[in-house]
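Dear colleague,

I am handing over the structure we spoke about, and I would be grateful if you could look through it alongside the notes below.

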Amino acid sequence: WVAYPALEAGESSVNLKLYPRRNQALAAPRQGVAALCAIRCARDVKFLKRSLALPEEMHPAARYLGGARALEAAMVARVLQELFAADIRSPQGFEELAAACAPRILPAGRELLYAVIPVLEAYAAARGQIAPLGRGGGPLADFGRALGEELAHLVPNHFITLYDRPSLSDLVLYIQALAIRASRGAVDLEKDRVKAAGVAQVTGRLNALLNALSPATSEQKRRALEALFWMIEEYKVSIYAQELGTAMRVSPKRLEEKIAEVERMA
């Protein structure tokens with residue numbers, strides 16, 4: 001797929017860039033528009049950066065995710081992409097977009113910050129439950145290391161750009177469930193092993209499907225895989241921390257049906 005800017009009057013050539021997937025080619029010009037709008041709205045962006053400073057108490061947790069400055073920069077970039085990444089091909093369209101979205105920059109930033117802070121709070125609490133498990137040796141230490149890897153997979157350094165806004169709220173629940181699992185596993189590790197067997201089976205199949213992805217994989221299948229990922233997280237809540245409640249009913253049978261559906265997709 002090729003991404004290219006619109007030709008202005010008098011131009012006869014243009015630089016082309018190839019992308020392996022159609023959505024990447026479509027996104028490239030939009031990202032350019034967002035960058036230009038950031039320049040056009042520099043004063044508002046300056047205030048946005050100040051408003052997205054993480055509270056000091058969040059800095060310890062942020063250190064495990066690239067640091068507070070990196071997370072703040074990711075939030076700025078996220079706001080600008082959400083507001084200004086548009087398929088604009090004319091100066092008039094650009095000016096209209098900048099004028100319409102500039103007043104929304106600070107409110108959008110505050111909304112994102114209020115979604116990110118609970119994730120960091122839950123992340124810090126989960127690390128506090130998991131870290132002591134790995135200080136000794138034997139099966140309990142192995143359990144702690146496995147949960148630490150799961151937490152890192154669930155909340156990677158780029159979680160702000162990875163997850164959409166509703167998913168950030170859901171993420172808090174899944175982190176809390178992981179923390180509850182850690183506290184209960186420390187008391188009865190064998191009980192956790194029994195519960196984990198069924199979860200491991202479906203996560204293994206999900207990972208196999210993810211490893212089989214290629215540039216030719218359809219967007220429909222990618223979206224279905226994302227839905228399967230969230231279904232599995234909901235299933236974990238129902239297994240390890242049922243008292244938290246789930247947004248949907250998930251059973252091994254429903255997971256099997258979803259996996260089979262994804263496997264049939266191109």
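Predicted model: local features only at pLDDT ≥ 70, side-chain atom pairs only at ≥ 80, totals over all residues.

Residues are numbered from 1 along each chain as its sequence is written, and side-chain values use heavy atoms, with hydrogens and water left out.

The protein chain contains twelve helices and two strands, where helices (H or I, at least four residues) and strands (E, at least two) are DSSP runs numbered from the N terminus. In sequence order the pattern is β-β-α-α-α-α-α-α-α-α-α-α-α-α. Of its 266 residues, 41% count as buried, a term that stands for under 20% relative accessible area, with exposed being over 50% and partly exposed in between (1.4 Å probe, protein chains only). Taking contacts (heavy atoms within 4.5 Å) between residues at least 6 apart in sequence, 67% join residues at least 24 apart.

One cavity of 30 Å³ or more is present in the structure, and the largest cavity holds about 70 Å³ of space. Here a cavity is a set of points, on a 1 Å grid over the protein atoms alone, where a 1.4 Å probe fits but cannot get out, and lining residues have an atom within 4 Å of a point; grid points are joined across faces, edges and corners, and the volume is the space filled by probe spheres set on the points. The lining of the largest cavity is formed by E150, L154, Y174, A177, L178, R181, E233, K236, V237 and Y240, and the elements that give two or more residues to this lining are α7 (138-154), α9 (165-187) and α11. By class, the lining has six nonpolar, no polar and four charged residues, counting Ala, Val, Leu, Ile, Met, Phe, Trp, Tyr, Cys and Pro as nonpolar, Asp, Glu, Lys and Arg as charged, and the others, Gly among them, as polar.

Two of the lining residues, R181 and Y240, are also touched by D192, which contacts F143 and G185 as well, leaving aside residues up to four places away in sequence. D192 sits in helix α10 (residues 189-211) and counts as buried, at 8% relative accessibility.

E243 belongs to the loop between α11 (219-240) and α12 (252-264). Its C-alpha atom is separated by 9.4 Å from that of A177, 66 residues apart along the chain. Not counting residues up to four places away in sequence, E243 touches I180 and R184, and the side chains of E243 and R184 make a polar contact at 2.7 Å, that is, a pair of N or O atoms within 3.5 Å, where within protein one must be able to donate a hydrogen and the other to accept it, and residues adjacent in sequence count only if both atoms are side-chain atoms.

T217, in the loop between α10 and α11, is buried with a relative accessible area of 10%; beyond residues up to four places away in sequence, T217 touches R222 and A266.

With best regards

Definitions and conventions. 1 Å grid on protein atoms, 1.4 Å probe; cavity = no way out; pocket = protein on both sides within 12 Å on 5 of 7 lines; lining within 4 Å.
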